[in-house]
Amino acid sequence: MIIASLLFYLFAAVCIASAVVVVTARNPIHSVLFLILAFFNAAGLFVLLGAEFLAMILVIVYVGAVAVLFLFVVMMLDIEALAITDTLKRHAFIGAGIGLFLVVELVLVASGWVASTGAGASVLAIPGNVTNTQALGALIYTHYIYPFQGCGLVLLVAMIGAIVLTLRRRPDAKRQDVATQVAKPRGVRLVKVPTGSGV
Amino acid sequence: MADFLTPYIGHTGAVFATMLAGILCVVVVLLLCMAYLTYYERKVLAAAMLRKGPNVTGPFGLLQPMADGLKLFLKETIVPTGANPVLFLLAPVLTFGLALVAWSVIPFGPGLVISNINVGVLYLFAISSLGVYGIIIAGWASNSRYAFLGAMRSAAQMVSYEVSIGFVIVTVLLCSGSLNLSKVVEAQSHLWFCIPLFPMMVVFFVSGLAETNRAPFDLVESESELVAGYFVEYSAMAFALFYLGEYMNMILVSGMTTVLFLGGWLAPFGLTFLPGPIWFGLKIFVVLFGFLWARATLPRFRYDQLMRLGWKIFLPFSILYMVAVAGFLVATGTLPNGG
């Protein structure tokens, strides 16, 4: 359908353009905001593919949580627009080298790529009456259960590691003990005051 | 209606026109509801404080919201020096826009929904998790310390409470077996989820108060310490868009509570003489009273108390309840097998 292909070109173009701006923007906050725009357009591409579950998860996880924390951290750092210094120029040279290497690799892989004969059939493997949320769940909780749970464990370890590394016990920190505070002290009486008459 | 228009503008055009008309209806009704929510709030607060509330403009003060709106239209929008003008003006538009687009998946009645998508619940969750951007961007672009402090508080608060909202939503999905909001409502035709999942409804409602930055969790705007928090630099329509967005989000959270726990458009006790959308509206009205009641009654939470409640109480509790519900459904073999 023509609308779908127009939307595809719109999402793809905005996605690439905003990804470029992420790297080139002087202000780091603008970079993060354009990163969010790129995530959004990627989600739009997922919707066009019929993978609405992935699209929503992309928005919830990356835009709703990860990018918020990025923005949070970047705003806390007091960075003015970056000036191009000598160190930056030296790093730019190394960066360009790595980038060139990656581009050559990608071109080599893409030029040697041939679609396998069964690829067309596997695209249509999901029957029409099953939503892709169901299809995904049926796969990752049965066939791929061990890799899936493994990913979960890795994330758990990373989370606990981050907490252990940053947690400091400060002896001077004031803590609130809700139970003692709420407990009724002696000599205090709760009085029900009738409306409009005062104590 | 689409069939009636087809001979004039073709099938695609007719579908498009019907959809546009639907969106227009929803937006107009929402804006009216929002205007009268401010009136409702002032009346409820006044009653709680033994005052009269707005009673001068029009009969019973009913024209007060219109007068307020008109006043804001006539004021000048000021962009402070040192603010980032593009982001400064983008933030209120974003807040208001997000508050509106969320309504596209809310079912007002059987079949009465703008976009009946299969991942409606996730869509709502995604949109509500984006709400924080309007606030952070406003706080940063204003180039003001008060606004920035408000934005920082808001970011931490909204991210924290989203986690428990996520678990509450998962529990509801376990009971309904579908991510489609219409099917979630239909799954409650025998028993509203507020009965078996009552504690989760409380968690959802309180987290909703925190998500919308309402009292007792309004330390994002806390007027006694931050003047007005993230929108301290805003005036006129830019301020009005924030204000509209906040009230629209209140109605949205009430609508979500209604759809997920109170049976959406379903009539209680077989009282079907009123149509579904009317019941939906009445339920939202009742849930909104909870919002206003909380504001009139409870003192503001301190920041560490807010974090303690979110991470140490709501999160473990909602995980435990979710595991218990899943275990019960599997043990009794009543796990729904929806699409």
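A residue counts as buried when its relative accessible area is under 20%, as exposed when that area is over 50%, and as partly exposed in between. The close-ups below come from a predicted model.

**View 1. R295(B) pairs with E41(B) across two helices of chain B.** The two side chains form a salt bridge, with the closest N and O atoms 2.7 Å apart. R295(B) lies in helix 10 (residues 276-297), E41(B) in helix 1 (residues 2-48), so the pair ties together parts that are 254 residues apart in sequence. E41(B) counts as buried because its relative accessibility is 3%. R295(B), at 36% relative accessibility, counts as partly exposed.

**View 2. E41(B) and R295(B) belong to a network of salt bridges.** Over all chains, the salt bridges number six.

**View 3. R300(B) forms a salt bridge with D218(B).** Here the closest N and O atoms are 2.8 Å apart. Both residues sit in loops of chain B, and the pair links distant parts of the chain, 82 residues apart. R300(B) is in the loop between helix 10 and helix 11 (303-332). D218(B) is in the loop between helix 7 (198-211) and helix 8 (223-226). R300(B) is partly exposed, at 29% relative accessibility. D218(B) has a relative accessible area of 13%, so this residue is buried.

**View 4. D304(B) and R302(B) form a salt bridge.** The closest N and O atoms of this pair are 2.8 Å apart. D304(B) is partly exposed, with a relative accessible area of 37%. R302(B) is partly exposed too, with a relative accessible area of 43%.

**View 5. Residues of chains A and B form a positive surface patch.** Chain A supplies R168(A), R169(A), R170(A) and R175(A). Chain B supplies R308(B) and K312(B). R175(A) lies in the loop between helix 7 (145-166) and helix 8 (178-182) of chain A. At 62% relative accessibility, R175(A) counts as exposed, because the cut-off for that class is over 50%.

Note on methods:
Residues are numbered from 1 along each chain as its sequence is written. Chains are lettered from A and ligands numbered from 1 in the order in which they are written. This is a predicted model: local features need pLDDT of at least 70, side-chain atom pairs count only at pLDDT 80 or more; totals for chains, interfaces and linings use all residues. Side-chain values use heavy atoms; hydrogens and water are left out. A salt bridge is a side-chain nitrogen of Lys or Arg within 4 Å of a carboxyl oxygen of Asp or Glu. Helices (H or I, at least four residues) and strands (E, at least two) are DSSP runs, numbered from the N terminus. Buried means under 20% relative accessible area, exposed over 50%, partly exposed in between (1.4 Å probe, protein chains only). Patches are made of residues with over 30% relative accessible area and no salt bridge: like charges are joined within 9 Å, nonpolar side chains (Val, Leu, Ile, Met, Phe, Trp, Tyr) within 5 Å. Accessible areas come from the Shrake-Rupley method with a 1.4 Å probe; for residues, only the protein chains shown count as cover. Lys and Arg count as positive and Asp and Glu as negative; His and the chain ends are not counted. The place of a charge is taken as NZ of Lys, CZ of Arg, CG of Asp or CD of Glu.
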